[in-house]
Amino acid sequence: MSQRIQFSQTGDSSVLALVDVVARDPGPGEVRVRNQAIGLNFIDIYFRTGLYPAPSMPSGLGTEGAGYVEAVGEGVTYLKEGDRVAYAQGPLGAYAQQHTLPADKVIRLPDFIDFETAAASMLKGLTVQYLLRQTRALQGGETILFHAAAGGVGSIACQWARALGVKLIGTVSSAEKAALATQNGAWATINYSEESVVEGVRELTQGAMCDVVYDSVGKDTWITSLDCLKPRSLMVSFGNSSGPVDGVNLAILNQKGALFVTRPSLNGYADTRERLEMMCDDFFGMIGSGKIHIDIANRYALADVGKAQDALQSRKTTGSTILIP
């Protein structure tokens with residue numbers, strides 16, 4: 001038997017249950033991974049609450065983990081039993097001791113990346129990779145605004161932006177989080193609990209405003225984010241922690257400076273095995289070079305996933321959180 005977290009109805013963290021299951025054998029093109037560490041991400045909360053619908057009920061949860069390949073399905077030639085691997089995509093069910101998923105979503109880990117680091121950073125690091133290197137390929141010298149700069153994604157973004165020579169202005173909710181973002185490489189921070197983000201950006205840039213805004217908050221910051229942009233610059237909305245952005249009148253993009261807007265996702269960029277490997281090589285290279293360090297600030301037992309999600313949802317966490325199966 002194996003254990004996994006599942007839910008039979010949407011709701012708050014109380015709907016999550018630790019259950020005994022029989023781990024599924026891999027079918028053609030699949031592998032089964034014995035997780036050593038599991039990543040916790042805001043998208044997991046979207047599925048639990050029903051913002052993103054689960055394919056069926058009861059449902060597993062989570063898409064990110066790291067461990068050993070313990071079984072290989074027919075036709076899989078690039079992975080074998082015993083390989084050290086990690087993944088950030090695939091079917092829900094990573095909150096488990098064992099997880100079966102498509103082999104083309106699973107990546108071998110280089111020797112210098114341990115399981116906890118991989119589980120804490122795969123989804124977040126690949127997200128930053130497509131944001132800073134693909135959604136707009138930053139060259140250095142740009143000024144950008146990054147919301148939630150002390151969180152798991154934000155902490156990596158601050159470091160990567162510094163390595164690129166990009167001026168990252170990070171929004172934070174406390175002096176402690178401002179200090180963490182600055183330590184990670186933010187050029188400047190704005191505490192939105194105490195000051196106007198738009199006025200802060202205007203002062204920091206001497207009225208020039210930002211080349212790109214990266215917004216994972218969604219509904220609550222949509223207009224603020226648009227108001228922080230230069231004319232003809234890019235708004236990147238990549239999350240919904242405050243709720244989805246809806247009912248948008250496209251004319252507002254013209255009114256605020258002929259702006260561009262995109263709503264990217266990891267699956268939209270890592271949509272082939274080749275692209276996934278390219279993105280992982282880029283991200284792993286940044287860790288190997290020492291330019292990016294992964295801060296695992298919180299560890300929870302798998303059975304305590306409700307507490308972990310509550311802490312993340314209430315914005316009490318910094319850095320990355322992992323579950324230990």
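This is a predicted model: local features need pLDDT of at least 70, side-chain atom pairs count only at pLDDT 80 or more; totals for chains, interfaces and linings use all residues.
Local features need pLDDT of at least 70 and side-chain atom pairs count only at pLDDT 80 or more, while totals for chains, interfaces and linings use all residues. Residues are numbered from 1 along each chain as its sequence is written, and side-chain values use heavy atoms, with hydrogens and water left out.

Student: What is the strand order in the open sheet of six strands?

Tutor: Helices (H or I, at least four residues) and strands (E, at least two) are DSSP runs, numbered from the N terminus. Two strands pair if DSSP finds at least two bridges between them. The pairing here is parallel, and the order reads β11-β10-β9-β12-β13-β14.

Student: Which strands stand at the edges, each with a single partner strand?

Tutor: An edge strand here has one side left without a neighbour in the sheet.

Student: Which residue of β10 is the bridge partner of Ile144?

Tutor: Look at strand β9 (residues 143-146), which pairs with strand β10 (residues 167-172) in the parallel sense over four bridges. For Ile144, the partner in β10 is Leu168.

Student: What angle does the direction of α2 make with that of β13?

Tutor: Axes are lines fitted to C-alpha atoms, for helices over the stretch in contact, and angles run from 0 to 180 degrees between N-to-C directions. The strands of the sheet twist by an average of 15 degrees from one to the next. Packed on that sheet, α2 touches β9, β12 (210-215), β13 (229-237) and β14, and its direction relative to β13 is about 150 degrees.

Student: Is β16 largely enclosed or largely open?

Tutor: Strand β15 (residues 296-301) runs parallel to strand β16 (residues 320-324), joined by five bridges, while strand β3 (residues 30-39) runs antiparallel to β16 with two bridges. Buried means under 20% relative accessible area, exposed over 50%, partly exposed in between (1.4 Å probe, protein chains only). Four of the five residues of β16 are buried, so the rest of the structure leaves this strand largely enclosed.

Student: Which residues of β16 are the bridge partners of Ile296 and Ile38?

Tutor: Strands of a sheet pair through backbone hydrogen bonds, either parallel or antiparallel. Ile296 has Ser320 as its bridge partner in β16. For Ile38, the partner in β16 is Leu323.

Student: Why does the pair of Lys124 and Glu64 tie together parts apart in sequence, and by how many residues?

Tutor: A salt bridge is a side-chain nitrogen of Lys or Arg within 4 Å of a carboxyl oxygen of Asp or Glu, and the closest N and O atoms of Lys124 and Glu64 are 3.9 Å apart. Both ends are buried, Lys124 at 5% relative accessible area and Glu64 at 0%. Lys124 lies in helix α2 and Glu64 in the loop between β4 (59-60) and β5 (65-72), so the parts they tie together are separated in sequence by 60 residues.

Student: In the salt bridge of Glu30 with Arg24, how far apart are the closest N and O atoms?

Tutor: Glu30 is buried, with a relative accessible area of 16%, whereas Arg24 is partly exposed at 46%. Their closest N and O atoms are separated by 2.9 Å.

Student: How many salt bridges does a search of the whole structure find?

Tutor: Arg275 and Asp271 meet in one, at 3.4 Å from N to O. Asp25, Arg32, Arg34 and Glu70 are linked in a network. The search of the whole structure gives 13.

Notes. Contact means heavy atoms within 4.5 Å.
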